[in-house]
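Dear colleague,

Please find below the structure that I am handing over to you. My notes on its packing follow directly after it.

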Amino acid sequence: MKRIWYFLVALFILLTTFVLVRNSEPSPQFLDAQFSDIVNYISEREKRNTEVSQVDVAWHLDHSLKTINRICEALEASNPNEYRSNFNLSRMVIFSAGAFPRGVAESPQSVRPPEVILTDSLYLQLEEARKNLKRIELLDERAHFKHPYFNVIDKGQTKRFLQIHTNHHLRIIRDIIKS
């Protein structure tokens, strides 16, 4: 019985360590590969497959970039002294898994694309995102924003969220294009 107890404690410690390590993203270049993919997919902007998504590639690109930019702005506007660490089970599960399930969440109005998405707008938002990510590197680690599903998340957790969120939409785009 003692062996089982030791095994369970060791497993708990290992899982906790894994979750904590995967809970944030330390690298300042954490979205560089995704930005390259975004640039490559702009030429596919009009493709659509309603079996994969009700919206076209341009919608996913615009939404991803808007999300990055609005969240960076929210981090900059936050007061690090007001940040309080909090537990959120769904955040821990999603951040550890590194992926969202499709079709579960609805995006807030502030990051929904307009009816007409201009190609130039995608490139401008991409440049804005690159600049914003450089700026948030200079922010206090306790810079934060309130996510509708994951509660208040700090800078490191936000970077992890942005990586997971962007990858989520890039996977959808790949599925739209390959079909």
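A crossing is termed left-handed if the near helix is turned anticlockwise from the far one by less than a right angle, and right-handed if clockwise. Helices (H or I, at least four residues) and strands (E, at least two) are DSSP runs, numbered from the N terminus. The model is a predicted one, in which local features need pLDDT of at least 70 and side-chain atom pairs count only at pLDDT 80 or more, while totals for chains, interfaces and linings use all residues. Residues are numbered from 1 along each chain as its sequence is written, and side-chain values use heavy atoms, with hydrogens and water left out.

By the above convention, H2 and H3 cross in the left-handed sense. Their axes come within 10 Å and cross at roughly 145°; such axes are lines fitted to C-alpha atoms, for helices over the stretch in contact, with angles from 0 to 180 degrees between N-to-C directions. H2 contributes Phe35, Ile38, Tyr41 and Ile42 to the contact (heavy atoms within 4.5 Å), and H3 contributes Val57, Leu61, Leu65 and Ile68.

The largest nonpolar core comprises 35 residues, and Phe35, Leu61, Ile68, Leu133, Phe161 and Leu162 have the most contacts inside it. Two or more residues each are given by H2 (32-42), H3 (57-77), H4 (89-97), H5 (119-136) and H6 (155-178). The largest share, nine residues, comes from H3. A core of this kind is a set of buried Ala, Val, Leu, Ile, Met, Phe, Trp, Tyr and Cys residues joined through side-chain atoms within 4.5 Å; buried means under 20% relative accessible area, exposed over 50%, and partly exposed in between (1.4 Å probe, protein chains only).

Thr67 lies in H3 and counts as buried because its relative accessibility is 5%. Leaving aside residues up to four places away in sequence, Thr67 touches Val111, Phe161, Leu162 and His165. With the same exclusion, Phe161 touches Thr67, Ile71, Phe95, Phe100, His147, Phe150 and Ile153. Phe95 is itself buried in H4, as are Arg91, Ile94 and Ser96. Just after H4, Gly98 takes a positive phi of about 80°.

Finally, S1 (residues 144-147) and S2 (residues 151-154) pair in the antiparallel sense over four bridges, where pairing requires that DSSP finds at least two bridges between the strands. His144 has Asp154 of S2 as its bridge partner. A hairpin of three residues joins S1 to S2.

Yours sincerely
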